[in-house]
Amino acid sequence: MAKFLELKDAVSSIISSGDSVAFEGFTHLIPHAVAHEVIRQGIDELTVIRMTPDLIYDQLVGMGLVKKMIFSYAGNPGVGLLRRVRDAVENSWPRSIELEEHSHAAMANAYEAGAAGLPLAVMRGYMGAGLKDVNPNIKSITCPFSGEELAAVPALRPDVAVIHALKADRKGNVLIEGIVGVQKEAVLAAKRSIVTVEEIVDDLEAHPNACVLPHWTVTAICVVKGGAHPSYAQGYYGRDNNYYIAWDKVAADRDRFQSWMQENVVAASTNVFSERVEGLEVNQ
Amino acid sequence: MSTLDFTPDEMMTIAASRALGNDDVCFVGIGAPSAACNVARLTHAPDITLIYESGTIGTAPEALPLSIGDGELCDTALTTVSVPEMFRYWLQGGRISIGFLGAAQLDRFANINTTVIGDYDAPKTRLPGGGGAPEIASSSQEVYITMKQSKRGFVDKIDFFTSFGHGEGGDHRQRIGIKTKGPTLLITDLAIWKPDPETKELTVVSLHPGVTKDDIQATVGWTVKFADKLEETPAPTADELKVLRDLKERTRIAHEGRKVERKGEVA
């Protein structure tokens, strides 16, 4: 049954050091506000799971909170590389991290298997690909009907899934629209979940086939207007592409990164997110 | 038309756009592939189906997206599906005619590396990784690749097999159970390449206007094969150039975004 909580209380009661946490959102609806709260609370030794680590994991990794990262594309989309992730992988700064690398198809299948309560995902993939030589969690399985050899990866079952959604109603039912990514699968695959939303409404006004998470599938809901910034929320505000471009320079330098994080995350609070999307609003 | 001024980059995008047809269902990689696919849509292939891995099917963006999941892709799409559905039903299901990829490193058999430079466990440069590409390369009916030529990119031996092209050449794809054609076309800033029908080694079939064989060899880390009947790529037409430049200008304006001063500014 979803509880409505302040973000800091949701994070402190639901995420613990050493947990595996999937912060999902495929370019759209990336739950930045929750990651910043995790950084403020210094929750560390995390195994973080995410198809596209993006800026959100560049920040968590750069702050030294990540022990292991399970992922499939570690770039700054359309801009270049994730410089804090690179520094951790190439130079072990600020600490070494373990990588478990997959393809998008494998990650998506693994979340779906987790949501479906299966132990593994089966797909036609990784054919001729080098990842199966460096990732022991990529194996093959023979179809008992056709004899075809297929790829198998373990289901993803995170301790916690964290997502940002558009809105929730007063019971805690959650609506996701636009690029829906793997958020529904991640929440259903996880033991616990935190969902931040732009607003609480009386009626979701969801069409019959909309992507809705019923209130009894969600652990906590927190209202954080702008909580996906610099990602976006369909119908609320657009993607802050300039921020993604400018991040490349912030992340390129250890000192600049640390002072930026100190000023804009550690010394900030959750309510700055609503200011960060000012001027990016779209007409609903 | 050959008197028009154009850059090698523009020639690359336009040559790539010409390879796409109205009936194609194209899985679009970000960057150069995205530009080429949208120029095709805005010129000779208005009904082409463009699919981005974020789940948007039949998208028609006004400006080029910065990421594979910008809001405009969803706003202009026929439909948007979940990411598991995208990879399972649409890509793995065999519904993509052309997978359009870029690369950091490419070898003579069109194998792609976008994972690491150097050793995987102790890389000199950690690149983003494969994302959707390993399965785009094996499940699309054909693969087109577009990238600029350089000695760093066109290497004798790639450091990591992110996406399988033709392996060691010949029938290597079939031998490991892949049923699709794999890379059938490479469009660069200097030339158009196709794999040899037998050996599958990439062969230059058309030089862009003003480009020499020496220019090609100077940017490639193996001894290049040229087709016996080497053609010259037709220069961009005035119409093609206008469509591309207008698209780039709309993209520039769109990415400029907001100009409001606020807290949390990273710049």
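Which residues of β3(A) point one way, and which the other way? L46(A) and V48(A) point to one side of the strand, T47(A) and I49(A) to the other, and all are buried (under 20% relative accessible area; exposed is over 50%, partly exposed in between; 1.4 Å probe, protein chains only). In a regular strand the side chains alternate between the two faces of the sheet.

The model is predicted: local features need pLDDT of at least 70, side-chain atom pairs count only at pLDDT 80 or more, and totals for chains, interfaces and linings use all residues. Residues are numbered from 1 along each chain as its sequence is written, chains are lettered from A and ligands numbered from 1 in the order in which they are written, and side-chain values use heavy atoms, with hydrogens and water left out.

Chain A holds ten helices and 15 strands. Helices (H or I, at least four residues) and strands (E, at least two) are DSSP runs, numbered from the N terminus. The C-alpha atoms of chain A fill a box of roughly 55 × 50 × 35 Å along the principal axes. A compact globule of 284 residues would have a radius of gyration near 19 Å, and chain A agrees with 19 Å. That radius is taken over C-alpha atoms, and the globule rule is 2.2 Å times the number of residues to the power 0.38. Of the 284 residues in chain A, 63% are buried. Contacts (heavy atoms within 4.5 Å) with a separation of 6 or more are 75% between residues 24 or more positions apart in chain A. Accessible areas come from the Shrake-Rupley method with a 1.4 Å probe; for residues, only the protein chains shown count as cover.

Chain A carries 26 positive and 35 negative charges, and their mean positions are 3 Å apart. Lys and Arg count as positive and Asp and Glu as negative, while His and the chain ends are not counted. The place of a charge is NZ of Lys, CZ of Arg, CG of Asp or CD of Glu.

Strand β3(A) has partners in β2(A) and β4(A). Two strands pair if DSSP finds at least two bridges between them. Strand β2(A), residues 20–23, pairs with β3(A) in the parallel sense over three bridges. S20(A) lies in β2(A) and stands opposite T47(A). S20(A) is buried, at a relative accessible area of 14%. Beyond four places in sequence, S20(A) touches T47(A), I49(A), R157(A), P158(A), D159(A) and V160(A). On β4(A), four bridges run to β3(A), again parallel. L46(A) stands opposite V66(A) there. Strand β4(A) spans residues 66–71, and five of its six residues are buried.

The loop between β3(A), 46–49, and α3(A), 54–62, contains M51(A). M51(A) is buried, with a relative accessible area of 0%. Its contacts beyond four places in sequence include E24(A), F26(A), F71(A), H104(A), V182(A) and, from chain B, V83(B). Y73(A) is another contact of M51(A); the two C-alpha atoms are separated by 6.2 Å, at 22 residues apart along the chain.

Helix α4(A) covers residues 83–91, with R84(A), V85(A), R86(A), D87(A), A88(A) and V89(A) buried. Just after α4(A), S92(A) takes a positive phi of about 55°.

Chain B comes to eight helices and 14 strands. Its C-alpha box is roughly 55 × 45 × 40 Å along the principal axes. For 267 residues a compact globule would have a radius of gyration near 18 Å; chain B has 19 Å, which agrees. Buried residues make up 57% of chain B. Of the contacts in chain B with a separation of 6 or more, 65% link residues 24 or more positions apart. The accessible surface of chain B is about 11,100 Å², and 51% belongs to carbon and sulfur atoms. Chain B has 29 positive and 37 negative side chains, with the centres of the two sets 2 Å apart.

An open sheet of ten strands in chain B has the order β4-β3-β2-β1-β5-β10-β11-β12-β13-β14, with mixed pairing. Strands β4(B), 79–80, and β14(B), 225–232, stand at the edges with a single partner strand each, so one side of each is left without a neighbour in the sheet. Within this order, β1(B), residues 25–28, and β5(B), residues 98–101, run parallel and are joined by three bridges. F27(B) has G99(B) as its bridge partner in β5(B).
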